[in-house]
There are 2 protein chains.
Amino acid sequence: MTPRRTPQLDAVYDVVRAADDHPTADTVYARVRRVMPTVSLGTIYRNLQKLAAARCVRVLHVGDRITRYDAVVVEHDHFCCERCGAVHDVEAPRTRTRRRPAHVHAGYAVRTQVVTFYGLCPHCAGVVPRVAAGAAR
Amino acid sequence: MTPRRTPQLDAVYDVVRAADDHPTADTVYARVRRVMPTVSLGTIYRNLQKLAAARCVRVLHVGDRITRYDAVVVEHDHFCCERCGAVHDVEAPRTRTRRRPAHVHAGYAVRTQVVTFYGLCPHCAGVVPRVAAGAAR
DNA sequence: CTTTCTGCAAACTCTTTGCACTCGT
DNA sequence: ACGAGTGCAAAGAGTTTGCAGAAAG
């Protein structure tokens, strides 16, 4: 039961670390295939699970029911655009103490918390001038 | 395209309103069938979507990839137990201003936000004495 | 009467899994 | 060489959808 390091595992981790768009398993699959064309989708899922279990990647359930992956493991928030579906990281300058759920009823053992904002991203909100539009990510 | 009121729609809404456990579509299905045995799962999904579109129920994606429904539409937080999977409402005495994402980069139009805490519920954390354990769903 | 809604079942999407083979260690 | 990992394809869970008939307005 000793975990084993394989080129596929490395490739999956590389892709997730290089991504800033919180890719889905399918997106990771497509990207890994660019460098390793014979990889299978099952292997992608198995390795993503392995990385998640090792807390090397974070599993996100944002908005819809499809799973996304994030190589940024430190606690931070997300913004999900309801129009284009993009998921962006959000700066969370609030202190931990301020965010700590002191209001949760006694007896709950809180391990982590997830904050997700929904709305329109700058691009979809039309704030970004036309010239710059399309350049957004 | 005029929405139509049907006994099935009423039954679905009644079930969600009467529930305090953030039921899944399947759970709603089971409960509606108790009073309307011929209802179909497809109808449950269609009516849940209709209610969600009308903002009569809130759609929740908490933890896993299955969809839950909540008749409490006002903004509030949730706690998800990582052991038994239960979802509880959480008191959110924080003021709106305090929770407002002033730190979100300019240009984002935030419509709503979702805060979910993960950990162990009082029951699974062992606060509840052994005699009661095992009754947890 | 017209149009939406229903029940049924098949289709669809995302994810997991069984199997025989491969390849780290 | 042992056993975890892989590719493949089939199965599984949750959700959506096409259709013919039922029923709301």
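Colleague: Why does Tyr108(A) count as buried?

Modeller: Tyr108(A) has 17% relative accessibility, and buried means under 20%, so Tyr108(A) counts as buried. Keep in mind that this is a predicted model.

Colleague: Okay, on to ring pairs. How many aromatic pairs turn up over all chains?

Modeller: A search of the whole structure gives 2. One of them is Phe79(A) with Tyr108(B).

Colleague: What makes the pair of Phe79(A) and Tyr108(B) edge-to-face?

Modeller: The ring planes are 70° apart, and over 60 degrees counts as edge-to-face. The centres are 4.5 Å apart, and the cut-off for pairing is within 6.5 Å.

Colleague: Where do Phe79(A) and Tyr108(B) lie?

Modeller: Phe79(A) is in strand S3 of chain A, while Tyr108(B) is in the loop between helix H4 and strand S5 of chain B, and the pair crosses between chains.

Colleague: Are Phe79(A) and Tyr108(B) buried or exposed?

Modeller: Phe79(A) is at 0% relative accessibility, so Phe79(A) counts as buried. Tyr108(B) is at 17%, so Tyr108(B) counts as buried too. Then there's the pair of Tyr108(A) and Phe79(B), with centres 4.5 Å apart and planes at 75°, which is edge-to-face.

Colleague: How do you know that the pair of Tyr108(A) and Phe79(B) joins two chains?

Modeller: Tyr108(A) belongs to the loop between H4 and S5 of chain A, and Phe79(B) to strand S3 of chain B, so the pair joins two chains. And Phe79(B), at 0% relative accessibility, counts as buried.

Colleague: Now the helices. Why are H1(A) and H3(A) called roughly perpendicular?

Modeller: Their axes cross at roughly 70°, and 65 to 115 degrees counts as roughly perpendicular. H1(A) and H3(A) are therefore roughly perpendicular to each other.

Colleague: Which residues make that contact?

Modeller: From H1(A) come Gln8(A), Leu9(A), Val12(A), Tyr13(A) and Val16(A); H3(A) brings Thr43(A), Ile44(A), Asn47(A), Leu48(A), Lys50(A) and Leu51(A). By type, the residues of the contact are 7 nonpolar, 3 polar and 1 charged.

Colleague: How are H1 and H3 of chain B set against each other?

Modeller: Their axes are 9 Å apart and the packing angle is about 70°. That makes H1(B) roughly perpendicular to H3(B). Here too there's a split into 7 nonpolar, 3 polar and 1 charged.

Colleague: What puts Arg17(B) over the face of Tyr13(B)?

Modeller: Arg17(B) lies over the face of Tyr13(B) at 3.9 Å from the ring centre, and the distance cut-off is within 6 Å. There's also Arg33(B), whose charged end sits over the ring of Tyr29(B), 4.2 Å from its centre.

Colleague: What about Cys81(B): why does Cys81(B) count as buried?

Modeller: Cys81(B) has 2% relative accessibility, and the cut-off is under 20%, so Cys81(B) counts as buried. Cys81(B) lies in strand S3 of chain B.

Colleague: Which residues is Cys81(B) in contact with, leaving aside neighbours within four places in sequence?

Modeller: Those are Ala86(B), Gly119(B), Leu120(B), Cys121(B) and Cys124(B).

Colleague: And what does chain A look like overall, in helices and strands?

Modeller: Chain A has 5 helices and 5 strands, and from the N terminus the order is α-α-α-β-β-β-β-α-β-α. Of its 137 residues, 41% are buried.

Methods. Residues numbered from 1 in each chain as written. Chains lettered and ligands numbered in written order. Predicted model: local features only at pLDDT ≥ 70, side-chain atom pairs only at ≥ 80, totals over all residues. Heavy atoms only, no water. Axes fitted to C-alpha atoms, helices over the stretch in contact; angles between N-to-C directions. Helix = DSSP H or I, 4+ residues; strand = E, 2+ residues; numbered from the N terminus. Parallel < 35°, antiparallel > 145°, perpendicular 65-115°, else oblique. Contact = heavy atoms within 4.5 Å. Nonpolar A, V, L, I, M, F, W, Y, C, P; charged D, E, K, R; others polar. Phe/Tyr/Trp six-rings, centres within 6.5 Å; stacked < 30°, edge-to-face > 60°. Buried < 20%, exposed > 50% of the residue type's maximum accessible area, 1.4 Å probe, protein only. Lys NZ or Arg CZ within 6 Å of the ring centre and 35° of its normal.
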